[in-house]
Structure formats: structure tokens, C-alpha cells
Amino acid sequence: MSSHRLFRFPKPAWLNSPNTRTAGVYFAGALFSLGFFFFVDAATFSRSNRNGGEVHIKFVDWIPGICSALGMLVINSIEKTRLSADSYSYSGTGVAWKARLVLFLGFALMAGGLAGSVAVLVLKYVVPEYPFPTLYFGIANVIANGLIMLSSVVLWVSQNMEDDYTYNLAL
């Protein structure tokens, strides 16, 4: 057992395979598409004839999803190796703190999107005490943003897994 590991238990061998990486990317895509499906489903149902209420999904409901999607793009554009880069690697100085700052901004965008969807749910749907078919619009917004956030984390972890396969290709 190596002495540089944090935990006592070894990492499972299946985590080092390229198939796990591919499955993680596909799973993240499935979570992302499922999240946007919930929101698009609520948006189309709000404008249909089956919606008996006068409340519809407007641009305010779309803002949290846009923030979460932008946060996902920002987070997944950063390589994990750039977070621990010293000043001599790559082309400039201070690469690590710049990458950490951009990563923080990406997570802030996603957290703001999730918090915004909860705020829209509470202020637009819960406080006026709308019944369930209308309340579903806010619940779908929260579910969509939560799934986008989860898919971003899964994609970032699965894309940045370090294994022997990538080291062999780099050598």
C-alpha cells in the first residue's frame, strides 16, 4: 500500500479502465438530457390547453437553467492538471490560481442557478399556493438544475480520471 494515499483502502481497479471513463461521460450526458427534458416538459405543458391555470413559464424561469448550463461549460473547460500547475508549467505564471478562480466562478454559476430555481419555486409557485399541476413547473425547474449540476460533477470527474492508459499515450 502506498504511503501517499489519503485513505487506508485501495482504489478499486475498475476505476482505472477507459470503459469506466466512457460510461461516466455517457452517464453525465444522460443526466444532462434528463434534466433539460424535465424543464422542457414543464415549459410545453405550461402553454398547452391542458394547463388550466393562468401561470406560465416565462423568461424568469429559464434564467436558472441558463446559469447552470453556463456553469457546466465553464467547469468542464478546465483540466484537472491546471489546478495544481506551478508557475513553470504551460506558458505563463500563476496558471493554478487562474484555473481555480475560473473553476470557482463555474461552481458559483451552477450554485446560483440551483438557488435561483429554488427561489423561483418558492416565490412564484409555493407562496401564492398554486395547486400541483402548476406547482410542477417550479419543481421541474429545481429538478432540472439539480440534474445539470450532478451531470457536471460526473463529467468533470470522469474526464479527469488519471490512469495508466493516458500516461502510456503521453509517453
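These numbered points describe the predicted model shown above.

1. Basis. Residues are numbered from 1 along each chain as its sequence is written, and side-chain values use heavy atoms, with hydrogens and water left out. Because the model is predicted, local features need pLDDT of at least 70 and side-chain atom pairs count only at pLDDT 80 or more, while totals for chains, interfaces and linings use all residues.

2. Elements. The protein has 5 helices and 0 strands, in the order α-α-α-α-α from the N terminus. Helices (H or I, at least four residues) and strands (E, at least two) are DSSP runs, numbered from the N terminus.

3. Burial. Of the 171 residues in the protein, 33% are buried. Buried means under 20% relative accessible area, exposed over 50%, and partly exposed in between, with a 1.4 Å probe and protein chains only.

4. Helix pair. Two packed helices are described by the angle between their axes and the distance between the axes. Helix α1 (residues 18–46) and helix α4 (residues 132–159) have axes that come within 8 Å and cross at roughly 165 degrees. Axes are lines fitted to C-alpha atoms, for helices over the stretch in contact, and angles run from 0 to 180 degrees between N-to-C directions. The pair α1 and α4 is therefore roughly antiparallel (angles over 145 degrees).

5. Glutamate 129. This residue lies in the loop between α3 (95–126) and α4. Phi of glutamate 129 is near 60 degrees, a positive value in a residue other than glycine. Most residues other than glycine have a negative phi. Glutamate 129 counts as exposed because its relative accessibility is 68%.

Methods:
Angles under 35 degrees count as roughly parallel, over 145 as roughly antiparallel, 65 to 115 as roughly perpendicular and the rest as oblique.
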